[in-house]
Amino acid sequence: MALQSKIMNRAKSEGRTALTEVESKELLKQWGIPVVETRLARNKKEAISMSKEMGFPVVLKINSPDIVHKSDSGGVRLGLANATQVANAYSEIISSIKPKYPKAIIQGISVQRMAPLGIEVIIGMSKDPQFGPVIMFGLGGIMVEVLKDVSFRIVPVTQKDAQEMIKEIKGYPLLEGYRGQEPASIPALKELIVSVSQFAEQNPQIKELDLNPIFAYKDKAIAVDARIILEEG
């Protein structure tokens with residue numbers, strides 16, 4: 001069943017196609033795709049309260065549909081270990097962003113528990129003019145831009161397709177546990193690829209999707225950051 005969401009309706013009413021990280025994760029969570037719990041703080045007091053509820057350390061990020069590269073813009077603070085650090089980080093992010101993006105819509109600051117490091121991978125979706133939705137898989141984080149080590153399949157993607165996509169990338173040995181490193185759960189990654197394929201197939205109003213990075217562990221995989229772009233109109 002296609003998503004019928006207040007989030008999409010609100011974005012359309014505001015004349016925007018880009019969803020924020022918090023909005024994107026909420027939609028993905030509704031679909032059963034694993035994402036790191038992320039909440040929206042509209043002021044410093046809320047950010048501190050949410051951080052205490054989640055448990056330290058936490059990550060704070062600018063939450064705006066107009067700011068795609070949050071780290072490059074100075075809109076991210078990692079590993080905040082107490083309420084004082086959260087308060088300072090909140091102020092620093094707002095004061096850093098406003099001069100750079102004076103016209104940006106800033107909904108607030110997202111707060112999330114800092115996930116343990118895992119092997120970083122990316123799963124994305126974009127629409128090809130000829131073939132329609134296409135799923136991408138590869139090494140994530142900044143590595144996707146540097147190495148461009150990715151594989152593609154046309155939606156719908158089966159479990160067999162997902163297995164092939166994972167094995168096709170040159171960085172596959174990293175997922176197997178290269179030189180004694182902890183391996184990634186291939187079954188969890190396959191399931192995630194298929195879930196994203198189903199999400200794209202059932203929700204044609206979604207034009208682009210990026211889950212980057214996804215932290216892959218030996219027993220699971222979870223999206224740490226997410227971005228969704230809607231079709232115009």
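How are α3 and α4 oriented to each other? In this predicted model, the axes of helix α3 (residues 44–54) and helix α4 (residues 83–100) come within 9 Å and cross at roughly 140 degrees. An angle over 145 degrees would count as roughly antiparallel, and 65 to 115 degrees as roughly perpendicular. α3 and α4 are therefore oblique to each other. The crossing of α3 past α4 is right-handed. On the α3 side, the contact is formed by K44, A47, I48, S51 and K52; on the α4 side, A83, V86, A87, Y90 and S91 take part. By class, the residues of this contact comprise 6 nonpolar, 2 polar and 2 charged.

The contact of α1 with α2 contains 3 nonpolar and 3 charged residues, and no polar ones.

The burial pattern of α1 was examined next. Helix α1 spans residues 6–13, and its buried residues are I7, M8 and A11. These residues lie on the same side of α1, because the arc that they cover around the axis is only 95 degrees. The other side of the helix carries the exposed residues K6, N9 and S13. Among the elements that cover the buried residues of α1 are helix α2 (21–30) and the strands β8 (206–216) and β10 (226–230). Just after α1, G15 adopts a positive phi of about 70 degrees.

S126 lies in strand β5, which runs over residues 119–128. Its relative accessibility is 36%, so S126 counts as partly exposed, the range for this class lying between the 20% limit for buried and the 50% limit for exposed residues. With residues up to four places away in sequence left out, S126 touches G132, P133, V134 and K207. Of these, K207 falls within the residue range of β8 (206–216), one of the elements that cover the buried residues of α1. S126 and Q205 are separated by 79 residues in sequence, and their C-alpha atoms are 12 Å apart in space.

Notes
Residues numbered from 1 in each chain as written. Predicted model: local features only at pLDDT ≥ 70, side-chain atom pairs only at ≥ 80, totals over all residues. Heavy atoms only, no water. Buried < 20%, exposed > 50% of the residue type's maximum accessible area, 1.4 Å probe, protein only. Helix = DSSP H or I, 4+ residues; strand = E, 2+ residues; numbered from the N terminus. Arc of directions from axis to C-beta. Contact = heavy atoms within 4.5 Å. Axes fitted to C-alpha atoms, helices over the stretch in contact; angles between N-to-C directions. Parallel < 35°, antiparallel > 145°, perpendicular 65-115°, else oblique. Left-handed = near helix turned anticlockwise from the far one by under 90°. Nonpolar A, V, L, I, M, F, W, Y, C, P; charged D, E, K, R; others polar.
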